[in-house]
Amino acid sequence: MFITLGHSHDQHYDCPCGRTLRRPIGKINTKNWTCKTCQKPVTVFMGAPGGNTYTVERRFAKDVLVNDHVVFRCGVGLSSGDVSRSHQYGAKASNWYLYIIGHNGGMIGARDYVNVEVNTIVQVVTPGVGQPQP
């Protein structure tokens, strides 16, 4: 499992200032994944083998929260999972630990980027709620 990725899976980028950016990525600051024009985070559209697509925002590991849904490399493809632990690792503030449910965890740099899925909709169905009653 590799929590950080290169940008080989990236299909295109959307910017809050209204631009859809395509390769080359020269208009994006890849140190913090923001638009060089408006300085806001860009949305990254990623494709994976098998046709799966992911919409992510790239955040520093230290900014990933418990329950964030992250996308990472697993084998030759991509996978995703929920973060159940996110904290400083050891005495150094530059080390960060992320644990992804069902995939174990690992230590990465606190300022390494992680793909956090955005625009995902989770539908919770409660039996009997909103259902016609006889």
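How many salt bridges does the count come to? The count comes to four salt bridges. The model is predicted, and the values below are computed from it.

**Salt bridges**

One of the salt bridges joins the side chains of aspartate 10 and arginine 58, with N to O at 2.6 Å. This pair connects distant parts of the chain: aspartate 10 belongs to strand E1 and arginine 58 to strand E6, 48 residues apart. Aspartate 10 and arginine 58 are both buried.

Arginine 59 takes part in a salt bridge with glutamate 57, where the closest N and O atoms are 3.3 Å apart. The side chain of arginine 59 also meets that of aspartate 68 in a salt bridge, at 3.3 Å from N to O. Aspartate 68, with a relative accessible area of 14%, is buried.

**The sheet**

Nine strands make up an open sheet in the order E2-E1-E5-E6-E11-E7-E8-E9-E10, and the pairing is antiparallel. Its edge strands are E2 (20-21) and E10 (104-109), each of which pairs on one side only. Strands of a sheet pair through backbone hydrogen bonds, either parallel or antiparallel.

E1 and E2 are paired in the antiparallel sense over two bridges; here aspartate 14 lies opposite threonine 20 in E2. Five residues separate the strands in the hairpin of E1 and E2, where glycine 18 has a positive phi near 100°. Strand E1 (residues 10-14) is also joined to E5 by four bridges, and these two strands run antiparallel. Aspartate 14 stands opposite threonine 43 in E5. Strand E5 (residues 43-47) in turn pairs with strand E6 (residues 53-60), antiparallel and over five bridges. Glycine 47 has threonine 53 in E6 as its bridge partner.

Threonine 43, found in strand E5, is buried at 19% relative accessibility, because buried means under 20%. Apart from neighbours within four places in sequence, threonine 43 contacts His12, Tyr13, Asp14, Thr55, Val56 and Val118.

**Aromatic rings and charges**

A search of the whole structure finds three aromatic pairs. Tryptophan 33 and tyrosine 113 form an edge-to-face pair, 5.6 Å centre to centre with 65° between the planes. Tryptophan 33 is in the loop between strand E3 (28-29) and strand E4 (34-35), whereas tyrosine 113 is in strand E11 (residues 113-117); the two are 80 residues apart and link distant parts of the chain. Both tryptophan 33 and tyrosine 113 are buried. Ring pairs join Tyr13, Trp33 and Tyr113 into a cluster.

Arginine 58, the salt-bridge partner of aspartate 10, also has its charged end over the ring of tryptophan 33. Charged ends that sit over rings include the following.

| Charged residue | Ring residue | Distance from ring centre |
|---|---|---|
| Arginine 58 | Tryptophan 33 | 4.3 Å |
| Arginine 85 | Tyrosine 99 | 4.6 Å |

How many disulfides does a search of the whole structure find? The search finds zero disulfides. Cysteine 15 is in no disulfide, and its nearest cysteine sulfur, that of cysteine 17, is 3.1 Å away. Cysteine 38 is likewise in no disulfide; the nearest cysteine sulfur to cysteine 38 is that of cysteine 15, at 3.6 Å. A disulfide would need the sulfur atoms within 2.5 Å. Cysteine 15 is buried, at 7% relative accessibility, whereas cysteine 38 is partly exposed, at 23%.

Proline 16 lies in the loop between E1 and E2. With 49% relative accessibility, proline 16 is partly exposed. Leaving aside neighbours within four places in sequence, proline 16 is in contact with Cys38, Lys40 and Pro41. The C-alpha atoms of proline 16 and glutamine 39 are 9.2 Å apart in space, while the residues are 23 apart in sequence.

Terms used. Residues are numbered from 1 along each chain as its sequence is written. This is a predicted model: local features need pLDDT of at least 70, side-chain atom pairs count only at pLDDT 80 or more; totals for chains, interfaces and linings use all residues. Side-chain values use heavy atoms; hydrogens and water are left out. Two strands pair if DSSP finds at least two bridges between them. Buried means under 20% relative accessible area, exposed over 50%, partly exposed in between (1.4 Å probe, protein chains only). Contact means heavy atoms within 4.5 Å. Rings of Phe, Tyr and Trp (its six-membered ring) pair if their centres lie within 6.5 Å; planes under 30 degrees apart count as stacked, over 60 as edge-to-face and the rest as tilted. A charge sits over a ring if NZ of Lys or CZ of Arg is within 6 Å of the ring centre and within 35 degrees of the ring normal.
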